[in-house]
Amino acid sequence: GGRPIVLTIHDLQYETYPEYTSAAKLRYLRTVMPKSVARASVIAVPTEYVRSTVIDRFEVDPERVVVVRHGIEPDIGRGARSEEELRDAYGLGTGRVLVLPAITHPHKGHEFLLDVMATHWTDPDLRLVLLGGRGLADDAVERAIVEHKLSDRVVRPGRVSDDDRDGLIRLADALVFPSQYEGFGAPVVEAMALGTPVVCSDQAALAEVVAHAGLVLPLDRDAWADALDRVDTDRDAMRRAGELRSESFTAAESGAGIAHAYRLAAGR
């Protein structure tokens with residue numbers, strides 16, 4: 001139609017890591033995306049990182065591309081079960097807990113994290129909880145768990161309810177997120193809002209979203225070696241910084257941002 005169009009682009013991962021996209025989907029995206037961008041009056045993106053990649057890739061007028069951050073609701077975690085209930089339900093024992101909430105896609109970093117568990121985070125009471133469904137790397141993740149002899153320390157409940165996800169993140173000593181690519185990275189904001197320290201990679205948009213409110217590390221195994229010790233030392237400060245940072249990512253502000261994009265498209 002001839003009406004103004006607001007197009008949302010969450011990321012351009014298919015261009016950065018085409019090997020993680022099926023051949024058919026890659027052909028589709030590379031055909032449709034340029035046409036969609038050309039038709040759009042305004043393009044909404046979640047971060048400055050994605051904004052810059054869209055402008056560079058499609059040679060778009062920067063005035064047409066606006067950042068609309070994702071936001072979280074203020075009642076996040078309100079329905080979560082107690083730590084005692086969750087530890088019992090998921091067999092977490094009494095030791096430290098780490099959570100990675102992500103489908104086992106190749107870029108999410110599960111294998112990297114398992115390597116760190118095997119080489120540096122060797123506390124026998126430490127539990128790594130892998131939340132989320134099966135992705136293209138699931139078989140490789142299962143093999144890595146066996147090869148690294150981590151079956152007793154890795155818990156894989158798959159998909160869980162939103163309340164249990166929030167509760168598990170809240171009780172965790174840290175949310176660990178070694179992703180190679182994120183256009184935004186909602187789990188790190190959810191963790192900060194729930195008072196959980198964040199340890200993440202410095203890739204793509206994650207450094208922008210977390211800023212100085214967490215440990216933002218290169219994807220090098222040795223760089224992650226002392227991360228848990230640093231979290232233990234700075235836990236209170238990291239919690240305060242994370243909670244403050246999460247206040248920049250509210251549902252209300254996200255809604256205001258998309259409303260601005262529509263007004264801009266309508267010429268108002």
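Is Asp 173 buried or exposed? Here are some notes on that and a few other spots; keep in mind that this is a predicted model.

1. **Asp 173.** This residue counts as buried, because its relative accessibility is 17% and the cut-off for buried is under 20%. You'll find Asp 173 in the loop between α7 and β7. Setting aside neighbours within four places in sequence, Asp 173 is in contact with Arg 96, Val 97, Pro 197, Val 231 and Arg 235.

2. **Thr 21, another buried loop residue.** Have a look at the loop between α1 and α2, where Thr 21 sits. Thr 21 is buried, with a relative accessible area of 17%. Once its neighbours within four places in sequence are left aside, Thr 21 is in contact with Tyr 14 and Leu 26.

3. **The Tyr 17 and Tyr 181 pair.** Aromatic pairs come next, and the count is six. In one of them, the rings of Tyr 17 and Tyr 181 have their centres 6.4 Å apart and their planes at 85°, so this pair is edge-to-face. Tyr 17 lies in the loop between α1 (13–16) and α2 (23–39), while Tyr 181 lies in the loop between β7 (174–177) and α8 (186–193), so the pair ties together parts that are 164 residues apart in sequence. Both ends are buried: Tyr 17 has a relative accessible area of 16%, and Tyr 181 has a relative accessibility of 2%. If you click around here, note that ring pairs link Tyr 17, Tyr 20, Tyr 49 and Tyr 181 into a cluster.

4. **The Phe 112 and Trp 224 pair.** Here the ring centres of Phe 112 and Trp 224 are 5.4 Å apart and the planes are at 75°, so this pair is edge-to-face too. Phe 112 belongs to helix α5 (residues 110–119) and Trp 224 to the loop between β9 (215–217) and α10 (227–246), so the parts tied together are 112 residues apart in sequence. Phe 112 and Trp 224 are both buried.

5. **The nonpolar cores.** Which residues have the most contacts inside the largest nonpolar core? They are Leu 98, Trp 121, Leu 128, Val 188 and Val 199, in a core of 56 residues. Helix α5 supplies the largest share of this core, with five residues. Take Val 188 as an example: not counting residues up to four places away in sequence, Val 188 touches Leu 175, Phe 177, Val 198, Cys 200, Leu 206, Val 209 and Val 210. There is also a second, separate core of 19 residues, which includes Leu 12, Met 33, Val 50 and Val 54.

6. **How α4 meets α7.** Helix α4 (residues 83–90) packs against helix α7 (residues 162–171) at an angle of about 105°, and the axes are 10 Å apart. That angle makes α4 roughly perpendicular to α7, because the label covers 65 to 115 degrees. On the α4 side, the contact is made by Glu 83, Leu 86 and Tyr 90; on the α7 side, by Asp 164, Gly 167, Leu 168 and Leu 171. Sorted by class, the contact has four nonpolar, one polar and two charged residues.

7. **Two positive phi angles.** Most residues other than glycine have a negative phi. Glu 59, not a glycine, has a positive phi of about 50°. Glu 59 lies in the loop between α3 (48–58) and β3 (65–67) and counts as exposed, at 75% relative accessibility. Ala 204 is also not a glycine and has a positive phi of about 45°. Ala 204 lies in the loop between β8 (198–201) and α9 (206–210) and counts as partly exposed, at 23% relative accessibility.

8. **Pro 74 and Ala 252.** Last stop: Pro 74, in the loop between β3 and α4. Pro 74 is exposed, with a relative accessible area of 75%. How many residues separate Pro 74 and Ala 252 in sequence? They are 178 residues apart along the chain, yet their C-alpha atoms are 9.4 Å apart in space.

Conventions: Residues numbered from 1 in each chain as written. Predicted model: local features only at pLDDT ≥ 70, side-chain atom pairs only at ≥ 80, totals over all residues. Heavy atoms only, no water. Axes fitted to C-alpha atoms, helices over the stretch in contact; angles between N-to-C directions. Helix = DSSP H or I, 4+ residues; strand = E, 2+ residues; numbered from the N terminus. Parallel < 35°, antiparallel > 145°, perpendicular 65-115°, else oblique. Contact = heavy atoms within 4.5 Å. Nonpolar A, V, L, I, M, F, W, Y, C, P; charged D, E, K, R; others polar. Phe/Tyr/Trp six-rings, centres within 6.5 Å; stacked < 30°, edge-to-face > 60°. Buried < 20%, exposed > 50% of the residue type's maximum accessible area, 1.4 Å probe, protein only. Core = buried A, V, L, I, M, F, W, Y, C linked by side-chain atoms within 4.5 Å.
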